[in-house]
Amino acid sequence: MDADITGAFWQLKGKGDALTNIRCDVDTTRERLTMEFLGQNRRSVFEPDRVVLQQADGAIVETRDNPERSFDGHQFETPWDDIHLAYFTGEALWTYLNAPFLFTWPGFVSVEIAPIEADGEEWRRLQVTFPAEIKSHTRTQVFCFGPDGLLRRHDFTIDVVGRTVESELYAAGYRDVDGIIIPGTRRAYAPAGDDQIVFVAIDMADIAVR
């Protein structure tokens, strides 16, 4: 999968356009994501207990074990280094691209909660509690589905940013990839006075399932 990931959040973390031209390989059998920074001779490999930064030829540049602990003491405005970026992006994209299939894995607990009315539709909501060994934004997240059964919005907080931030990530731009219906775009917004800004934008292309 090729992607451009932009928005105000990355500016806040001092990473600006770091994710504007990436290629991801997302494992569907275990929590692992490889991200190529195209044209930059670098790659990151995310796993829950270890992040590795490499050159394109595989030469190791830096590693960090138990990477989640490196966020301890962070505030919302704390800038990130490259391993913080690789860890957060890894656990985020891995969750987004494996949901809802991963909800059938051992240790996941899914409960349907009250629907909501949004955008002129009734959205059914699934509250999912992740097992402790799976790293994601937070343990309990809510997935909102439209009348066609497709994900409309993903609601969560983000544990590693230092304070409770309620996030709503909207899914759209669906396409059929070998019979699997996948949203090609995701957007999260933040208030800015009387308006709102794009906090996170994910645009995916060349999605392939192997």
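Strands are DSSP runs of E with at least two residues, numbered from the N terminus. On that basis, S12 contributes the most to the lining of the largest pocket, with 5 residues. The model is a predicted one.

**Largest pocket**
- The volume of the largest pocket is about 770 Å³.
- Its lining comprises 32 residues, of which Thr 28, Leu 97, Asn 98, Ile 182 and Val 209 are the closest to the centre.
- Two or more lining residues come from each of strand S2 (22-26), strand S3 (33-37), H2, strand S9 (140-145) and S12.
- By residue class, the lining of the largest pocket has 23 nonpolar, 4 polar and 5 charged members.

**Second largest pocket**
- The second largest pocket has a volume of about 300 Å³.
- It is lined by 24 residues, and those closest to its centre are Phe 156, Ser 167, Ala 188, Phe 199 and Val 200.
- Helix H1 (8-12), H2, S11, S12 and strand S13 (195-205) each provide at least two residues of this lining.
- H2 gives the most to the lining of the second largest pocket, with 5 residues.
- The lining of the second largest pocket consists of 19 nonpolar, 3 polar and 2 charged residues.

- Asp 81 caps the N-terminal end of H2, with a side-chain oxygen 3.0 Å from the backbone nitrogen of Ile 83.
- Pro 100 sits in the loop between H2 and S7, and the peptide bond joining Ala 99 to Pro 100 is cis, with omega about 5°.

**His 154**
- His 154 belongs to strand S10 (residues 151-156).
- His 154 is buried because its relative accessibility is 1%, below the 20% cut-off.
- The side chains of His 154 and Gln 141 make a polar contact of 2.6 Å.
- Beyond four places in sequence, the contacts of His 154 are Thr 95, Tyr 96, Gln 141, Val 142, Phe 143, Ser 167, Glu 168 and Leu 169.

**Glu 112**
- Glu 112 lies in strand S7 (residues 109-118).
- With a relative accessible area of 46%, Glu 112 counts as partly exposed.
- When residues up to four places away in sequence are set aside, Glu 112 touches Arg 124, Arg 125 and Leu 126.
- Between the side chains of Glu 112 and Arg 124 there is a polar contact of 2.7 Å.
- Glu 112 and Arg 32 are 80 residues apart along the chain, and their C-alpha atoms are separated by 28 Å.

**Positive phi in loop residues**
- Asp 119 is in the loop between S7 and strand S8 (121-129), and has a positive phi of about 50° although it is not a glycine.
- The relative accessibility of Asp 119 is 66%, so Asp 119 counts as exposed.
- Asp 178 occupies the loop between strand S11 (167-177) and strand S12 (180-192), and its phi, near 55°, is a positive value in a residue other than glycine.
- Asp 178 is exposed, with a relative accessible area of 65%.

Note on methods: Residues numbered from 1 in each chain as written. Predicted model: local features only at pLDDT ≥ 70, side-chain atom pairs only at ≥ 80, totals over all residues. Heavy atoms only, no water. Helix = DSSP H or I, 4+ residues; strand = E, 2+ residues; numbered from the N terminus. Buried < 20%, exposed > 50% of the residue type's maximum accessible area, 1.4 Å probe, protein only. Polar contact = N/O pair within 3.5 Å; in protein donor to acceptor, adjacent residues only side chain to side chain. Contact = heavy atoms within 4.5 Å. 1 Å grid on protein atoms, 1.4 Å probe; cavity = no way out; pocket = protein on both sides within 12 Å on 5 of 7 lines; lining within 4 Å. Points joined across faces, edges and corners; volume = space filled by probe spheres on them. Nonpolar A, V, L, I, M, F, W, Y, C, P; charged D, E, K, R; others polar.
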